Amino acid sequence: MVELTENDEVVPLMLKYMHKQRHIDIKTLDFNALKGLADAAEKYSIYPAMDICKLRMEYAGCYALSRLRDDAFLDVLGYAAKHSYSDICDLCAPATLGTSLTIARLALGPLSTLKWATYREGFLDILRTQSTPPVAQHVLHKGGSAICDVWKEIDIQSRVMTRVLADPECLLSTAWKDEMIALFLACPYCARRVKAWLDGMMRSASTLPVFSEVVV
Ligand SMILES: [Zn+2]
């Protein structure tokens with residue numbers, strides 16, 4: 001006799017997919033039940049459930065269901081990494097970049113945690129090496145000054161650092177860059193300096209490997 005490790009909620013769901021009967025409406029499952037069924041389907045090779053669970057987990061990672069739980073992205077990433085679904089890994093991984101290692105390791109296995117930390121480290125390195133906005137001759141204000149009152153008032157450096165630390169995924173978002181530049185409507189010199197700085201950071205971010213390509 002085989003002892004199942006799945007909980008009382010997941011076992012009846014598994015059995016429904018193993019018998020010749022109409023399958024359950026998977027949309028009615030909450031996230032925990034879906035994740036339990038998705039893992040069990042892979043573990044026991046329950047083929048009728050595998051593809052539909054994969055689709056639903058992908059949906060959960062990307063869209064509405066993920067809003068119900070902050071850590072759903074991580075759980076979907078953990079599922080996708082464990083079962084080698086690279087496409088789902090790469091879709092979800094950017095949204096997990098703002099998570100702490102302590103929380104990430106609870107959702108990911110040891111190997112995926114190491115891979116995730118290595119993936120995130122690339123983004124943190126950008127913060128370490130490009131935290132100071134460079135000054136180019138063409139962005140100097142009249143009189144040769146690199147900064148003005150607008151720059152001091154907005155304190156863009158701490159704004160950018162705070163945001164990128166909390167949510168490194170923003171380095172992949174043009175909308176965020178535009179939002180930062182728009183703060184400097186009153187000074188085109190500062191706007192150009194901020195644009196050059198953020199362009200550089202985002203160029204670096206765009207060259208980082210996606211999650212599935214990270215080698216550990
Ligand atoms: Zn200025």
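How many Å separate the centres of domain 1 and domain 2, taken over C-alpha atoms? I looked this up first. The centres lie 37 Å apart.

**Ground rules.** I noted that this is a predicted model, where local features need pLDDT of at least 70, side-chain atom pairs count only at pLDDT 80 or more, and totals for chains, interfaces and linings use all residues. Residues are numbered from 1 along each chain as its sequence is written.

**Domains.** I found domain 1 at 10-124 and domain 2 at 133-206. These bounds come from an automatic or database domain assignment. Six residues of domain 1 and seven residues of domain 2 make the contact. I took two residues as in contact if their C-beta atoms, placed from the backbone, lie within 7 Å. On the domain 1 side I listed four nonpolar residues, one polar and one charged. Here Ala, Val, Leu, Ile, Met, Phe, Trp, Tyr, Cys and Pro count as nonpolar, Asp, Glu, Lys and Arg as charged, and the others, Gly among them, as polar.

**Helices H3 and H4.** Next I turned to a helix pair. Helices are DSSP runs (H or I, at least four residues), numbered from the N terminus. H3 covers residues 47-62 and H4 covers residues 72-82. They pack at an angle of about 145 degrees, with axes 8 Å apart. The axes are lines fitted to C-alpha atoms over the stretch in contact, and angles run from 0 to 180 degrees between N-to-C directions. From H3, Met57, Ala60 and Gly61 meet Ala72, Phe73, Val76 and Tyr79 of H4. I sorted this contact into six nonpolar residues, one polar and no charged.

**Cores.** I then looked for the largest nonpolar core and found 32 residues in it. Such a core is a set of buried Ala, Val, Leu, Ile, Met, Phe, Trp, Tyr and Cys residues joined through C-beta atoms within 7 Å. Buried means 20 or more other C-beta atoms within 10 Å of the residue's own, exposed means 12 or fewer, and partly exposed is in between. H4 gives the most to this core, with eight residues. Val76 is among the residues with the most contacts inside it. Leaving aside neighbours within four places in sequence, valine 76 touches Met57, Ala60, Gly61, Ile88 and Cys92. Another core, of 15 residues, lies apart and includes Phe123, Val160, Cys170 and Leu198.

**Proline 188.** Why does proline 188 count as exposed? I found 11 C-beta neighbours inside 10 Å, so proline 188 counts as exposed. Proline 188 sits in helix H11 (residues 188-206). Valine 139 is 49 residues away from proline 188 in sequence, yet 8.5 Å away in space, C-alpha to C-alpha.

Note on methods
Helices (H or I, at least four residues) and strands (E, at least two) are DSSP runs, numbered from the N terminus.
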